[in-house]
Amino acid sequence: MGTIKLLDCTLRDGGYVNDWKFGQKNLISVFERLTDAGVDIIEIGFLDERRPFDIDRSIMPDTACVNQIFGSLDKKQAMVVGMIDYGTCGIKNLQPCEDCFLDGIRVIFKKHLMVPAMEFCRQVKALGYRVFAQLVSITSYNDEELSALADLVNDVKPYAVSMVDTYGLLHPEDLLHYYEILDRQVCPEVQIGFHAHNNFQLAYANALAFLGKEARHDIVVDGTLYGMGKSAGNAPLELLGMRLNDRFGGHYRIDPMLEAIKESVMDFYETSPWGYKTFFYLCGRNNCHPNYVTYLEAKKNLSVSKIDALLAQIEPEEKKLLYDKLVAEKLYDDYLSGEGNDADAKEAFREELSGRTVLTVGPGKNILLQQKAVKQFCEKNRPYVISINYIPEFMDVDCVFVTNGKRYHDMVLSLKQEKNQNVKLLATSNVECRNGQFDFVMNRAPLLENEERITDNSFLMLLKFFRMLKIDEVYCAGFDGYSDKEDNYCNPAMEYSFVKREALHLNYHMKKRITELRENMKIHFITYSAYDVVEDINGAAI
């Protein structure tokens with residue numbers, strides 16, 4: 001193996017976290033810490049003609065703007081590069097290299113653009129820059145396509161060609177397969193690089209596999225401070241530097257990297273954390289573009305396992321990594337017209353309630369404090385009792401309305417008790433049943449309060465569902481309203497962290513919506529409820 005170069009792309013890939021707004025002081029501080037650390041190549045951001053110049057951002061319309069931000073700094077030993085996503089910054093926006101702070105430019109491109117993108121690389125190289133050809137989504141290439149790309153590389157002879165695991169799909173053995181093809185077919189003077197993402201928690205492991213493979217080319221390995229970057233993040237630069245020092249004769253100073261993390265990175269992590277998440281696992285598991293997951297999650301109607309199942313159905317195969325909104329829309333529409341159609345469940349539940357007085361039971365403290373009144377009501381009216389996301393201890397219920405996976409998890413043991421074995425479950429579509437299926441499943445999205453900060457109040461969801469069924473009268477107990485000072489639930493462990501903070505707004509909104517619902521439905525409270533008097537946001541009766 002030849003030499004190994006360590007490349008930092010915090011100011012570029014990390015910019016996906018904060019829209020590249022690091023702030024001028026952070027831009028300079030990160031750069032100086034990286035040169036202090038002895039990092040070989042520093043990528044200072046994107047060149048993108050669509051974005052106006054902002055001295056606080058590491059995304060710039062042309063190379064002249066690079067000089068405005070970084071031009072007075074000492075590069076020391078580092079090669080400084082920028083990145084162009086092919087098609088977003090024309091050659092007219094690039095000065096000759098001798099007039100620019102940049103030494104090189106990395107050009108990223110998708111497989112179907114490889115021919116014009118490599119011609120663009122040739123033009124950039126003619127301006128004197130060291131050019132890196134960055135192969136977006138290396139996993140989208142088959143062996144023949146990668147061989148064709150190698151032929152283009154040998155013709156243009158860029159400084160380096162890099163494998164980019166855009167969606168974090170690679171396992172070490174797959175990475176080495178691509179690496180071996182490039183190592184065998186690309187001319188020796190072109191370096192080979194690798195850029196990892198962490199969807200499968202393998203960014204660092206893949207980088208180590210890349211570093212450990214005996215090959216004939218000089219290589220470049222990418223990392224970012226604390227793994228800061230798009231989606232699940234990148235291989236952490238400080239780990240790569242440590243490994244290169246320990247096993248490959250590197251002389252990188254780790255302390256400046258750690259100082260840069262503390263001074264310039266952690267504030268962004270606290271507000272917009274990156275790293276391994278279920279979201280990115282779903283993308284990786286299904287070899288699909290993240291926008292498909294975003295689209296399905298935004299519907300607010302699907303459990304995580306249902307999203308996973310739908311992603312597996314994306315067709316045709318080539319659309320998986322090239323997001324197509326029409327494909328996403330058809331996927332969801334097919335779900336709604338099939339198993340997502342809740343018309344039969346609505347009719348079955350309407351029959352369930354036929355001829356019965358309906359009592360809805362919530363978890364407010366008054367369900368215990370006024371349990372005598374509740375018992376008297378039940379003895380007199382023999383109602384159909386529906387509790388919401390819990391099972392009250394002092395009374396029997398006929399059905400539980402389940403809207404939250406965690407709440408369902410918490411009541412599973414109660415449901416196994418003999419007295420509750422005949423309790424039916426009415427669930428919204430975002431909750432998955434254990435060991436079987438729910439008795440009734442309703443689409444969640446139409447029940448949400450979409451214009452509110454808190455969209456999924458389960459009491460309002462159930463009342464809206466009753467209105468859909470044309471239930472004209474309902475009795476309610478245990479819906480006290482919210483306090484910003486006291487516990488709000490008969491079981492304090494049920495309280496969400498945001499409730500006290502949002503108490504005033506929640507009470508106002510609940511009163512307002514219940515007043516609206518009462519235009520078509522009689523709603524009676526048999527325990528005290530703040531919702532039974534309508535007031536404005538300041539507490540005055542209206």
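**A walk through the model**

Mentor: Gladly, and we can start with N18, which sits in helix 2 (residues 15–18); helices here are DSSP runs of H or I with at least four residues, numbered from the N terminus. This is a predicted model, where local features need pLDDT of at least 70, side-chain atom pairs count only at pLDDT 80 or more, and totals for chains, interfaces and linings use all residues. Residues are numbered from 1 along each chain as its sequence is written, and side-chain values use heavy atoms, with hydrogens and water left out.

Trainee: Is N18 buried or exposed?

Mentor: Buried means under 20% relative accessible area, exposed over 50%, and partly exposed in between (1.4 Å probe, protein chains only). The relative accessible area of N18 is 13%, so N18 is buried.

Trainee: Which residues does N18 touch, not counting those up to four places away in sequence?

Mentor: Contact means heavy atoms within 4.5 Å. With that sequence limit, the partners of N18 are M228 and F268.

Trainee: How do helix 3 and helix 10 run relative to each other, roughly parallel or roughly antiparallel?

Mentor: Axes are lines fitted to C-alpha atoms over the stretch in contact, and angles run from 0 to 180 degrees between N-to-C directions. Helix 3 (residues 24–37) and helix 10 (residues 254–271) pack at about 155°, with axes 8 Å apart. Angles under 35 degrees count as roughly parallel, over 145 as roughly antiparallel, 65 to 115 as roughly perpendicular and the rest as oblique. Helix 3 is therefore, relative to helix 10, roughly antiparallel.

Methods:
Helices (H or I, at least four residues) and strands (E, at least two) are DSSP runs, numbered from the N terminus.
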